[in-house]
Every structure is written in structure tokens, then in C-alpha cells.
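Me: I would like to learn how to read a few features of a model, taking the general idea before the particular case. Could we go through one together?

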Amino acid sequence: MTLRLETITPATLDTALAIRVRSDQEHLVAPVVKSLAEAYVHQETAWPRLIMDGDKAVGFLMAFLDIHWDEDPNGTDIRSGLWRLNIAEGEQGRGYGRFAVEAVADEIRRRGGKSLYVTWHPGPDGPEGFYRGLGFELTGETSGDQTVGVLALG
């Protein structure tokens, strides 16, 4: 495996848009097209990337960088983390998700961050086991109907 992240460009847009998770996971994560629309309107804080294995796109991630956490009434809680993770159907279970989380952690560290946040839909079919297996701890918070987890980057 030669894994890397790649910036989405006009030349790779259709490749990014073609990434689909398994049909039983579609209710757990927004499609790439929605993420790219959100990245467009949140250009200052969104960090969308293709996950590449050699010349093959195997997934998509989008991080959020230095946002004012909505739950903080004083606006002083600044957070960074993983906003979306879409590993393509047929590509799951090969370490791409772990690579994506580690790549986001590296980018947050590079920017001086000490914590990586993520949210997920709770339930038996959700990704909690994946994130907890990577060391994420529950914060006790929710964001909308999602559970909030944090990974210390120290």
C-alpha cells in the first residue's frame, strides 16, 4: 500500500463524487457531494481530501480545523477533528480508515492542536467500535443526535 491524501481538484472531482459507502452505511455518513458543498461554504475551516492507495481512490475524508464549537456559549472552545469519513464500498477493512484518522491527527498536530474530535451516529450499526478501537474517548457530549469522541494527540 502506498497511501496518501490528495487535494480535490477539477481533475479529481468526479473521482471524489463517485466514492460510495456500503448501502447499509448510507444513513451514517453524508455523501461526498454534500461534504464538498459544505467545504465550499466553510472554506476557512474545512479540509477535504481523497484517500489514495497508489493511483486508486479508496475513500474521502473531511476534517474541520479550528472551529468555534457550537455547544460553547462563550465561543472560546476551539476544536479540530474529523468531520466525514467515507471509505468506498469494497475497500473497507484494509486499514484505510485508520490511515485517514492518523493523517488528520498529523495535520492537527502540525497546526499545534492537541486533540482530535469526531462525532458518530450511536447504535449497533454505527462506527463507535472503530473509533473507540483507535483510542477515542467519549466526551459525554452530543452534537445534534451524534455522540462526540476525542482522541488526545499528546
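This is a predicted model: local features need pLDDT of at least 70, side-chain atom pairs count only at pLDDT 80 or more; totals for chains, interfaces and linings use all residues.

Me: Which residues of helix α2 are buried, and which are exposed?

Reply: Buried means under 20% relative accessible area, exposed means over 50%, and partly exposed lies in between, with a 1.4 Å probe and protein chains only; helices (H or I, at least four residues) and strands (E, at least two) are DSSP runs, numbered from the N terminus. In α2, which spans residues 32–41, the buried residues are V32, S35, L36, E38 and A39. Seen down the axis of α2, these buried residues fall within an arc of 160° (taken from the directions from the helix axis to the C-beta atoms), so they line one face of the helix. On the other side of α2, V33, Y40 and V41 are exposed.

Me: What does V101 contact, leaving aside its neighbours within four places in sequence?

Reply: Contact means heavy atoms within 4.5 Å. With those neighbours left aside, V101 is in contact with L82, L116, F130, Y131, L134 and F136. V101 is found in helix α3, residues 96–110, and is buried, with a relative accessible area of 4%. L82 is 19 residues from V101 in sequence, yet the two are 7.3 Å apart in space, C-alpha to C-alpha.

Me: How many aromatic pairs does the structure hold?

Reply: Rings of Phe, Tyr and Trp (its six-membered ring) pair if their centres lie within 6.5 Å, and planes under 30 degrees apart count as stacked, over 60 as edge-to-face and the rest as tilted. The structure holds 4 such pairs. One of them joins W120 and Y131, whose ring centres are 5.6 Å apart with planes at 15°, so the pair is stacked. Because W120 lies in strand β5 and Y131 in helix α4, this pair ties together parts that are 11 residues apart in sequence. The rings of F130 and Y131 have centres 5.0 Å apart and planes at 65°, so that pair is edge-to-face. F130 is partly exposed, with a relative accessible area of 33%, whereas Y131 counts as buried at 6%. Ring pairs link W120, F130, Y131 and F136 into a cluster.

Terms used: Residues are numbered from 1 along each chain as its sequence is written. Side-chain values use heavy atoms; hydrogens and water are left out.
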